[in-house]
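Hi,

Have a look at it first, then read on.

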Amino acid sequence: MSGHTLSVLALCVALLAQFWSAGVATGQFLRKEQSALAQRSWLALAIATLIFALQYAYLLEMAVSTGLYDVRQAVLAAVASLVVAAAAFGFRRLA
């Protein structure tokens, strides 16, 4: 597998994990039976994950259209996104 292919796959994983995290956070934000502080926290997480998802979408577009990529950064983004997704899922169970 080439470095370019690995980067594209890692960025796809990062993008999907961030979108999933944003969906979980948005769903938790919309729940009414929680405190205002908890709602604001979920909203902040949803906004942050959407911003990161947008960043990964730009990186993916750049890797596909121009061929510029960084394997280490793409793998790091995928791992970090999976950790955030696991944390959002875990926090959802606590709320």
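To start with a question: is Phe 52 buried, partly exposed or exposed? Phe 52 has a relative accessible area of 46%, so Phe 52 is partly exposed (buried means under 20% relative accessible area, exposed over 50%, partly exposed in between, with a 1.4 Å probe and protein chains only).

Some housekeeping before the rest. This is a predicted model, in which local features need pLDDT of at least 70 and side-chain atom pairs count only at pLDDT 80 or more, while totals for chains, interfaces and linings use all residues. Residues are numbered from 1 along each chain as its sequence is written, and side-chain values use heavy atoms, with hydrogens and water left out.

**Aromatic pairs**

Searching the whole structure gives two aromatic pairs (rings of Phe, Tyr and Trp, the last by its six-membered ring, with centres within 6.5 Å; planes under 30 degrees apart are stacked, over 60 edge-to-face, the rest tilted). Trp 20 and Phe 89 have ring centres 6.0 Å apart and planes at 35 degrees, so this pair is tilted. Because Trp 20 lies in helix H1 and Phe 89 in helix H3, the pair ties together parts that are 69 residues apart in sequence (helices are DSSP runs of H or I, at least four residues, numbered from the N terminus). Trp 20 is partly exposed at 42%, and Phe 89 is partly exposed at 34%.

Phe 52 and Tyr 56 form a stacked pair, at 6.4 Å centre to centre and 25 degrees between the planes. Both lie in helix H2, four residues apart, about one turn of the helix. Tyr 56 is buried, with a relative accessible area of 10%.

**Gln 39**

Gln 39 sits in helix H2 (residues 36–66) and counts as buried at 17% relative accessibility. A polar atom of its side chain lies 3.1 Å from the backbone oxygen of Phe 29, and one lies 3.0 Å from the backbone oxygen of Arg 31. Beyond its neighbours within four places in sequence, Gln 39 is in contact (heavy atoms within 4.5 Å) with Phe 29, Arg 31, Lys 32 and Gln 34.

**A nonpolar patch**

On the surface, Met 1, Leu 6, Leu 9, Val 75, Val 79 and Val 83 form a nonpolar patch with about 560 Å² of accessible area together (Shrake-Rupley, 1.4 Å probe; patch residues have over 30% relative accessible area and no salt bridge, with nonpolar side chains joined within 5 Å and like charges within 9 Å; a salt bridge is a side-chain nitrogen of Lys or Arg within 4 Å of a carboxyl oxygen of Asp or Glu). Helix H3 gives the most, with three residues. Val 79, in helix H3, counts as partly exposed at 47%.

Best wishes

Key:
Helices (H or I, at least four residues) and strands (E, at least two) are DSSP runs, numbered from the N terminus. A polar contact is a pair of N or O atoms within 3.5 Å; within protein, one must be able to donate a hydrogen and the other to accept it, and residues adjacent in sequence count only if both atoms are side-chain atoms.
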